[in-house]
Amino acid sequence: PATLTDVRVGDYPDKTRLVIETSAPTSYKFDLDNAEKILVVDVKSSDLTASGQGTFTNSPLVAAYAAEKGSDGTTHLVVQ
């Protein structure tokens, strides 16, 4: 299975880019909840070696993330 190795953000004048780095190609699905202001990304069949949580103090749009390995082998990533 792929391994989730890093989560980082890049801010540009015309966009904000969230990078979810994995060791190999893998499938994912996501849900954007505008009311709660969170993005949930489920990375299928992945191990987690990235930090389970992190903050982005220099980003105006992305504050933090938390990652957790589910019992089904999916890594659930919640981005605020």
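The structure is a predicted model, in which local features need pLDDT of at least 70 and side-chain atom pairs count only at pLDDT 80 or more, whereas totals for chains, interfaces and linings use all residues. Residues are numbered from 1 along each chain as its sequence is written, and side-chain values use heavy atoms, with hydrogens and water left out.

Five strands, in the order β3-β4-β8-β7-β6, make up an open sheet with antiparallel pairing. Strands here are DSSP runs (E, at least two residues), numbered from the N terminus, and two of them pair if DSSP finds at least two bridges between them. At the edges lie β3 (28-33) and β6 (53-55), each of which pairs on one side only. On average, neighbouring strands of this sheet are turned by 15° against each other, direction ignored; the axes are lines fitted to C-alpha atoms, and angles run from 0 to 180 degrees between N-to-C directions.

Strand β8 (residues 75-79) pairs with β4 (residues 38-43) in the antiparallel sense over five bridges. With β7 (residues 64-69), β8 also forms an antiparallel pairing over five bridges. V78 in β8 is the bridge partner of V40 and also of A66. Five residues separate β7 and β8 in their hairpin, and G73 in the turn has a positive phi of about 90°.

In a regular strand the side chains alternate between the two faces of the sheet.

D42 counts as buried because its relative accessibility is 16%. Contacts (heavy atoms within 4.5 Å) link D42 to S27, Y28, K29, T74, T75 and H76, not counting residues up to four places away in sequence. Although D42 and H76 are 34 residues apart along the chain, their C-alpha atoms are separated by 4.7 Å. Their side chains are joined by a polar contact of 2.7 Å, a term for a pair of N or O atoms within 3.5 Å; within protein, one must be able to donate a hydrogen and the other to accept it, and residues adjacent in sequence count only if both atoms are side-chain atoms.

Definitions and conventions: Helices (H or I, at least four residues) and strands (E, at least two) are DSSP runs, numbered from the N terminus. Buried means under 20% relative accessible area, exposed over 50%, partly exposed in between (1.4 Å probe, protein chains only).
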